Amino acid sequence: MILGPNNFIACFIRFIKKMKNFREVELRMNDIITPDRSCIPYSKKNVYLLLTIPLMLLILALTVFLFLINPILSIIYLSFWIGANIFQSYCCEFQECPYTEGFCPAVAGIIPASRIARLPVIRNMKKSKSRFEVFATFGSLCLLGLIIFPLFFLIELDVIYPLGYFILILFYAFLFLWNICPVCAIRKTCPGGLFSTRLRSVLLDRI
Ligand code: SF4
Ligand code: SF4
């Protein structure tokens, strides 16, 4: 059967509704913060490295690209990555993530967050759900900035570059959510893990 525009829209609306229903269940789950000890140590280290090393090379290439246009641009770009590490470090500590002590499967290679989380300045901060949400939001905004910022400069080269870049990012995000999060100890509290569970549930339901 060929998927016409109406069918496609109906499918998309069903997908959004399912994701929304799942969100209601997950909000209740969110009250309990218990890392899954059976996922320690992290089991998919090789898959994680296979996904993360190319991404870090891409970030490095974009930093050089922006530096060649104007060094300030590369500093702005890198500050998104650094900001994501700093904001995430509070979330690592708040979630009592066991990976702060060892291998950490952090999204976008923000592994330093797990080490910053061990510093007294973060450990001694008051733990509160509202503060966690604020830090998680700022961390996510930094990651969003990291993704979007280069687009403005890539588009000036040729439309094919931002398009290719965007496809690569989507590919990375999908593979990460599909492979890395499901075996992570804090998937029931981390926003990425919750989204991954939701995505898998909705898509597997359709297959
Ligand atoms: S897996 Fe995520 S929450 Fe856990 S230490 Fe690494 S960055 Fe922090
Ligand atoms: S659930 Fe996913 S995004 Fe969250 S800490 Fe684990 S691997 Fe990273």
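Which of the 13 residues around ligand 1 come nearest? In this predicted model, the nearest of them are Cys92, Cys97, Cys104, Ala106 and Ser114. Two elements, helix H3 (71-94) and helix H4 (112-116), each give two or more residues to the shell around ligand 1. The largest contribution comes from H3, with 3 residues. By class, this shell comprises 9 nonpolar and 4 polar residues, and no charged ones.

The chain contains 9 helices and 0 strands, so that the order of elements from the N terminus reads α-α-α-α-α-α-α-α-α. Of its 207 residues, 23% are classed as buried. The packing of helix H2 (residues 45-69) against helix H8 (residues 160-180) has an angle of about 155°, and the axes lie 10 Å apart. Because angles over 145 degrees count as roughly antiparallel, H2 is roughly antiparallel to H8. The crossing of these two helices, H2 and H8, is left-handed. On the H2 side the contact involves Val47, Tyr48, Leu51, Leu55 and Leu58, which meet Leu168, Tyr172, Leu175, Phe176, Asn179 and Ile180 of H8. The contact of H2 with H8 has 10 nonpolar residues, 1 polar residue and no charged residues.

For H2 and H3, the axes come within 5 Å and cross at roughly 150°. H2 is therefore roughly antiparallel to H3. The residues of H2 in this contact are Ile59, Leu62, Thr63, Leu66, Phe67 and Ile69, and their partners in H3 are Pro71, Leu73, Ser74, Tyr77, Leu78 and Trp81. By class, the contact of H2 with H3 has 10 nonpolar and 2 polar residues, with no charged residues.

Several backbone features fall in loops. Ile40 and Pro41 are joined by a cis peptide bond, with omega of about -5°. Pro41 is located in the loop between helix H1 (5-29) and H2. The loop between H3 and H4 holds Glu96 and also Ala108. Glu96, although not a glycine, has a positive phi of about 50°. Ala108 is likewise not a glycine, and its phi is positive at about 55°. As to their surroundings, Glu96 counts as partly exposed because it has 15 C-beta neighbours inside 10 Å, whereas Ala108 counts as buried because it has 22 C-beta neighbours inside 10 Å.

A further loop position is Lys127, which lies between helix H5 (120-123) and helix H6 (129-148). With 13 other C-beta atoms within 10 Å, Lys127 is partly exposed. Lys127 and Glu93 are separated by 34 residues in sequence, while their C-alpha atoms are 8.6 Å apart in space.

Methods: Residues are numbered from 1 along each chain as its sequence is written. Chains are lettered from A and ligands numbered from 1 in the order in which they are written. This is a predicted model: local features need pLDDT of at least 70, side-chain atom pairs count only at pLDDT 80 or more; totals for chains, interfaces and linings use all residues. Helices (H or I, at least four residues) and strands (E, at least two) are DSSP runs, numbered from the N terminus. A residue is buried if 20 or more other C-beta atoms lie within 10 Å of its own, exposed if 12 or fewer, and partly exposed in between; C-beta atoms are placed from the backbone. A residue is near a molecule or strand if its C-beta atom, placed from the backbone, lies within 6 Å of it. Ala, Val, Leu, Ile, Met, Phe, Trp, Tyr, Cys and Pro count as nonpolar, Asp, Glu, Lys and Arg as charged, and the others, Gly among them, as polar. Axes are lines fitted to C-alpha atoms, for helices over the stretch in contact, and angles run from 0 to 180 degrees between N-to-C directions. Angles under 35 degrees count as roughly parallel, over 145 as roughly antiparallel, 65 to 115 as roughly perpendicular and the rest as oblique. A crossing is left-handed if the near helix is turned anticlockwise from the far one by less than a right angle, and right-handed if clockwise. Two residues are in contact if their C-beta atoms, placed from the backbone, lie within 7 Å.
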